[in-house]
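Here's a quick briefing to read with the structure open beside you. Take it one topic at a time and find each part as you go.

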Amino acid sequence: MKLLVIGSGGREHAIAWKLAQSAKVTQVYVAPGNGGTAHEPKVQNLDLSEHAALADFAKHEGIRFTVVGPEAPLAAGIVDYFQARKLAIFGPTRAAAQLESSKDFAKQFMTRMGIPTAAYQSFSDPEEAHRYVDAQGAPIVVKADGLAAGKGVVVAQSLEEAHQAIDWMLKDQSFGQAGARVVIEDFLVGEEASFIAMVDGEHVLALASSQDHKRLGDGDIGPNTGGMGAYSPAPIVTPDVHAFVMREVMNKAVRGMAAEGQRYFGFLYAGLMIDPKKGVRVLEFNCRLGDPETQPLMVRLRSDLVDLIEAALAGKLNQTEAHWDRRHAVGVVLASKGYPQAPRLGDPIRGLSNKGAAFSLGQAKRLDSSADHGRFVFHAGTEHQGGELLSSGGRVLCVVGMGDSVKLAQQHAYESMAQIGLEGGQYRKDIAWRARRSNGTGL
Ligand SMILES: Nc1ncnc2c1ncn2[C@@H]1O[C@H](COP(=O)(O)OP(=O)(O)O)[C@@H](O)[C@H]1O
Ligand SMILES: [Mg+2]
């Protein structure tokens, strides 16, 4: 069986690596892929990006199904295009992907369905937006309506910041069409978690819980990034929280989309704010897996991902279970010098072999003689040039460690990271600190 994965990040390396583990799979193509997928066993990069070229390739090669990693191709309608050509693809249509690509659409939808979320209003007229913010007071949150690569949200601590954000988005049109409308919503307190599920139009199969670290600096301070690390499971997602989110968020969303004529297929990600006093509220929906949450999730997934996706494509997720390694997984992102403002590219990366995610750390293997040594490297911004592995993006790679405790998983990740060399490279030293704090023992 041949499969196709769309994307080039650490998430896509992890998806491709996991799909390639399946005994049914002979080849996984990743378009365009990265320096890690280039050397992953049974995986091959594909230098294509146009929907028509990708669909031609899928047809010609007899690709069994395609998995879409990032949001941009979904919002651009790649699923509609493949479906029109009778090609199996796992992801939402362009209309259904509005749950992510329009925050205004998502807020209106949640309100109609009674899905818990912050109170809000949407504006395209700056004067009305300014008046609303003055009436509401700070702190308050201003969000560009459309896709803004994680840069379209301002959590304004003061009225001044909120007014600036409105002008920046609506008047200066810093995000173009994506910022032609803004959602202004109440500031919520609590702890964030990622709730990710697979959806087959009707049924919801939840993946294991996870949590990411968006800020650049230790202690969750500094500028926002694409994500500096993630771990699974996330202890804040207790069985009660899980049950509540399945009932009040996921099932309502999937039934609601179907009832409104937009059946939802694909991964569905609810970004949650969990407050022990006020309960759980949805910050946003994403129509895909998270990056870097996918990396720890894929190493914990024991089930065959091919089976899960085939069950989803057949509308049979209700007859399917996902099995998870009970160990913890902690993923730490290595970013380039200058990330996120001005990442420096083209630096050599040392300490990795070219044997794919599971075996990239030749030395780490010797630290632990068990067959599954619980250490993985998923590439993101890397490329091979003249026999060297070079950085080619802000986030360069993600090292994942597994262990019986959070502490051990962390230790495995950081031991592995210490063996990798990247000049000016930066990584956080405290990934999963919340998980260690919340289990009371520090373990
Ligand atoms: N209503 C809110 N209250 C407090 N913080 C928020 C709120 N909405 C968003 N945030 C913060 O901003 C981040 C980004 O917002 P989000 O809605 O997830 O947009 P995106 O991921 O598209 O940038 C969240 O992860 C959260 O930290
Ligand atoms: Mg988000």
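**Around the ligand**

Let's start with ligand 1: 16 residues surround it, and the closest are Ala118, Val141, Val153, Leu188 and Glu284. Two or more residues of that shell come from each of the strands β7 (140–144), β8 (153–156), β9 (182–186) and β17 (279–286). Keep in mind that this is a predicted model.

- Domain 2 (125–180) and domain 3 (191–319) each supply at least three residues to the shell around ligand 1.

**The overall build**

- If you count up the pieces, you'll get 14 helices and 24 strands in the chain.
- Does the chain come out compact or stretched? For 443 residues, a compact globule would have a radius of gyration near 22 Å, and the chain agrees with that at 21 Å.
- Along the principal axes, the C-alpha atoms of the chain fill a box of roughly 60 × 45 × 45 Å.
- Of the 443 residues in the chain, 51% are buried.
- Take the contacts in the chain with a separation of 6 or more: 66% of them link residues 24 or more positions apart.

**The domains**

- The chain is divided into domain 1 (2–92), domain 2 (125–180), domain 3 (191–319) and domain 4 (328–438).

**The nonpolar cores**

- The largest nonpolar core has 113 residues, and Leu268, Val330 and Leu334 have the most contacts inside it.
- Strand β16 (residues 265–275) gives this core its largest share, eight residues.
- Leaving out residues up to four places away in sequence, Leu268 touches Ala197, Val199, Met250, Ala253, Phe285 and Cys287.
- Another core, of 20 residues, lies apart from the largest one, and its members include Ala129, Val154, Ala156 and Leu170.

**A look at helix α6**

- Which residues of helix α6 (residues 103–113) are buried? They are Lys103, Asp104, Ala106, Lys107, Phe109 and Met110.
- The cover over the buried residues of α6 includes α5 (98–101), β6 (120–123), β7, β9, α9 (239–259) and β17.
- Just past the end of α6, Gly114 has a positive phi of about 70°.

- Ala138 and Pro139 are joined by a cis peptide bond, with omega at about -5°. You'll find Pro139 in the loop between α7 (126–136) and β7.
- Tyr339 and Pro340 are joined by a cis peptide bond too, with omega at about 5°. Pro340 sits in the loop between β18 (328–335) and β19 (349–350).
- Gln173 isn't a glycine, yet its phi is positive, near 50°. Its place is the loop between α8 (159–171) and β9.
- Is Gln173 buried or exposed? Gln173 counts as exposed, because 12 other C-beta atoms lie within 10 Å.
- Ala432, also not a glycine, has a positive phi near 80°. Look for Ala432 in the loop between β24 (421–422) and α14 (433–438).
- Ala432 is buried, because it has 28 C-beta neighbours inside 10 Å.

Technical notes: Residues numbered from 1 in each chain as written. Chains lettered and ligands numbered in written order. Predicted model: local features only at pLDDT ≥ 70, side-chain atom pairs only at ≥ 80, totals over all residues. Near = placed C-beta within 6 Å. Helix = DSSP H or I, 4+ residues; strand = E, 2+ residues; numbered from the N terminus. Domains from an automatic or database assignment. Rg over C-alpha atoms; globule rule 2.2 N^0.38 Å. Contact = placed C-beta atoms within 7 Å. Core = buried A, V, L, I, M, F, W, Y, C linked by C-beta atoms within 7 Å.
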